[in-house]
Amino acid sequence: MRDAAPGAGEVARVISTVYFACATDMPEPSAVSAALKGSPEMEAIQHELAAGYAHLMASALLPYSGLAPPALRLRCVGLLGAAEAIATELNGERTTGSEAVTALTGLIVGGLDAR
């Protein structure tokens, strides 16, 4: 994030690129996610990780959004759900990395309620 050029589109592109780089390093996110939901302790850890990433996203995007911080954080939580769905498509080879990044970047920028 520190190396991203200023601007909502560039920050969103970096967020998207990093998310899918992680998703392709561990191509079983859906299976891992489902397994974690079977244990209350592991589900809590998964929730903490997702909340942390949503907070990171919201903090990086706040300068480009007209939303209040709690509203932006909630949108980021929703965007992570979309990112997980797109990652499933990517890992199933039904889309390319470039298409996945473009799609998530567009969703992020479109959800900013930019000034």
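**Entry 1: helix α4**

I began with the buried residues of α4, which pack against α1, α3 and α5 (97–110). Contact here means heavy atoms within 4.5 Å. I noted that the model is predicted: local features need pLDDT of at least 70, side-chain atom pairs count only at pLDDT 80 or more, and totals for chains, interfaces and linings use all residues. Residues are numbered from 1 along each chain as its sequence is written, and side-chain values use heavy atoms, with hydrogens and water left out.

Which residues of α4 are buried? I found Leu 72, Cys 76, Leu 79, Leu 80, Ala 83, Ile 86, Ala 87 and Leu 90. Buried means under 20% relative accessible area, exposed over 50%, and partly exposed in between (1.4 Å probe, protein chains only). Helices are DSSP runs (H or I, at least four residues), numbered from the N terminus.

Next I checked the length of α4 (residues 69–91): at 1.5 Å a residue, its 23 residues should span 33 Å, and its end C-alpha atoms are 32 Å apart, which agrees. The expected span is 1.5 Å times one less than the number of residues.

I then looked at Glu 93, which sits in the loop between α4 and α5. Its phi is near 60°, a positive value in a residue other than glycine. Is Glu 93 buried or exposed? At 72% relative accessibility, Glu 93 counts as exposed.

**Entry 2: α4 with α5**

I looked up how this pair packs: the angle is about 165°, with the axes 10 Å apart. That makes α4 roughly antiparallel to α5 (the cut-off is over 145 degrees). Axes are lines fitted to C-alpha atoms, for helices over the stretch in contact, and angles run from 0 to 180 degrees between N-to-C directions.

On the α4 side I listed Leu 79, Ala 82, Ala 83, Ile 86 and Leu 90, which meet Gly 97, Ala 100, Ala 103, Leu 104, Leu 107 and Ile 108 in α5. By class, I have ten nonpolar residues, one polar and no charged. Ala, Val, Leu, Ile, Met, Phe, Trp, Tyr, Cys and Pro count as nonpolar, Asp, Glu, Lys and Arg as charged, and the others, Gly among them, as polar.

**Entry 3: α1 with α3**

Last, I turned to α1 (residues 8–25) and α3 (residues 40–61), whose axes come within 10 Å and cross at roughly 160°. They are therefore roughly antiparallel to each other. From α1, the contact uses Val 11, Ala 12, Ile 15, Val 18 and Tyr 19; from α3, Tyr 53, Met 57, Ala 60 and Leu 61.

Terms used
Helices (H or I, at least four residues) and strands (E, at least two) are DSSP runs, numbered from the N terminus. Angles under 35 degrees count as roughly parallel, over 145 as roughly antiparallel, 65 to 115 as roughly perpendicular and the rest as oblique.
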